[in-house]
Amino acid sequence: MPKEINEARKKQNMINFIHATQQLMETEGIDNVSIRKIGTKTNFHNSTIYLYFEDLDQLVMLASVKYFTEYSHALMLHGQKYTPPNENFIDIWSLFIDATLKKPKIFYNFFFGAKSDHLRDFLIRYYEIFPEERHLLPEALETMYYGDNITYRCLEPLRSLVEAENFVQKENLTLINEIIVSFFKYKLEQKCHDLTLDNLQIKQEILNAICHVTGILPVS
């Protein structure tokens with residue numbers, strides 16, 4: 001078999017596994033996805049899946065990147081306009097919160113799960129497989145978007161506030177970032193435990209906390 005055909009078949013199998021995982025995440029929930037169910041859905045033996053992915057966690061992480069599409073598109077559009085640093089920072093967080101609250105369990109696993117320190121690897125690999133889903137972002141947003149973990153991702157836009165009029169300084173940058181990430185994690189956990197909680201209220205609570213610790217005027 002020619003090498004190019006073999007590689008094309010490998011890629012198609014990988015796409016099939018990722019799509020099957022996404023379908024199971026939608027129909028049965030991320031907690032109920034298993035290698036056995038993916039194998040059944042794709043008509044492959046379980047062991048074959050391990051030839052493509054080291055474990056279920058890796059496959060779920062890759063499948064989760066699909067849910068960034070709307071968010072990354074919104075970021076691309078946001079990057080095409082200029083807003084002052086404080087407003088820009090809140091806008092970026094607002095887009096992020098909107099995305100995560102729509103699929104809280106999926107995003108919680110992505111940003112705080114077992115493999116959440118290697119986010120850049122998963123994003124790059126996914127867009128190699130599905131290049132049509134990738135949106136081109138301005139350099140500053142691209143650096144944030146492809147951060148290795150949520151702490152780094154959140155630190156990048158926070159740096160832009162150091163020269164603006166607020167509480168953020170080089171000396172407290174890390175502390176403020178840790179407080180913001182911790183509070184966001186706490187509120188996302190609440191949503192995961194009770195999906196009936198109002199997204200707009202949670203979003204406002206997170207933004208109010210961010211404004212409080214950064215010294216940015218509260219969001220109305």
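1. Burial first: a residue is called buried under 20% relative accessible area, exposed over 50% and partly exposed in between, using a 1.4 Å probe and protein chains only. By that rule Tyr-145, with a relative accessible area of 1%, is buried. The model is predicted, so local features need pLDDT of at least 70 and side-chain atom pairs count only at pLDDT 80 or more, while totals for chains, interfaces and linings use all residues. Residues are numbered from 1 along each chain as its sequence is written, and side-chain values use heavy atoms, with hydrogens and water left out.

2. Helix α4. Helices here are DSSP runs of H or I with at least four residues, strands are runs of E with at least two, and both are numbered from the N terminus. Helix α4 spans residues 56–64, and seven of its nine residues are buried. These are Gln-58, Leu-59, Val-60, Met-61, Leu-62, Ala-63 and Ser-64.

3. Aromatic pairs. Rings of Phe, Tyr and Trp (for Trp, the six-membered ring) pair if their centres lie within 6.5 Å; planes under 30 degrees apart are stacked, over 60 edge-to-face, and the rest tilted. The count by this rule is 23 aromatic pairs. One of them joins Phe-17 and Phe-44, whose ring centres are 5.2 Å apart and whose planes stand at 65 degrees, so the pair is edge-to-face. Phe-17 belongs to helix α1 (residues 3–27) and Phe-44 to the loop between α2 (35–42) and α3 (46–49), so the contact ties together parts 27 residues apart in sequence. Phe-17 has 0% relative accessibility and counts as buried, whereas Phe-44, at 26%, counts as partly exposed.

4. Phe-68 and Tyr-145. This aromatic pair is also edge-to-face, at 6.0 Å centre to centre with 90 degrees between the planes. It links distant parts of the chain: Phe-68 is in the loop between α4 and α5 (69–78), Tyr-145 is in helix α9 (residues 139–145), and the two are 77 residues apart. Phe-68 is buried at 0% relative accessibility. Tyr-145 has a further neighbour, Arg-153, whose charged end sits over the ring, 5.4 Å from its centre. (For this label, NZ of Lys or CZ of Arg must be within 6 Å of the ring centre and within 35 degrees of the ring normal.)

5. The largest pocket. On a 1 Å grid over the protein atoms alone, a pocket is an open set of points with protein on both sides within 12 Å along at least five of seven lines, a cavity is a set where a 1.4 Å probe fits but cannot get out, and lining residues have an atom within 4 Å of a point. The largest pocket holds about 240 Å³ of space. Its lining has 14 residues, and those nearest the centre are Asn-88, Ile-92, Ala-140, Leu-141 and Ser-160. Two or more lining residues come from each of α6 (85–102), α9 and α10 (150–159). Asn-88 also makes a side-chain polar contact of 3.4 Å with Thr-83 (a pair of N or O atoms within 3.5 Å; within protein, one must be able to donate a hydrogen and the other to accept it, and residues adjacent in sequence count only if both atoms are side-chain atoms). Thr-83 lies in the loop between α5 and α6 and is buried, with a relative accessible area of 12%.

6. The largest cavity. Which residues line the largest cavity? They are Tyr-71, Ile-92, Trp-93, Phe-96, Phe-111, Met-144, Ile-150, Arg-153, Cys-154 and Pro-157. The space inside is about 90 Å³. Helix α10 gives the largest share of this lining, four residues.

7. The second largest cavity. This one holds about 30 Å³. Its lining consists of Ile-179, Ile-180, Phe-183, Ile-206, Ala-209, Ile-210 and Val-213.

Note on methods. Grid points are joined across faces, edges and corners, and a volume is the space filled by probe spheres set on the points.
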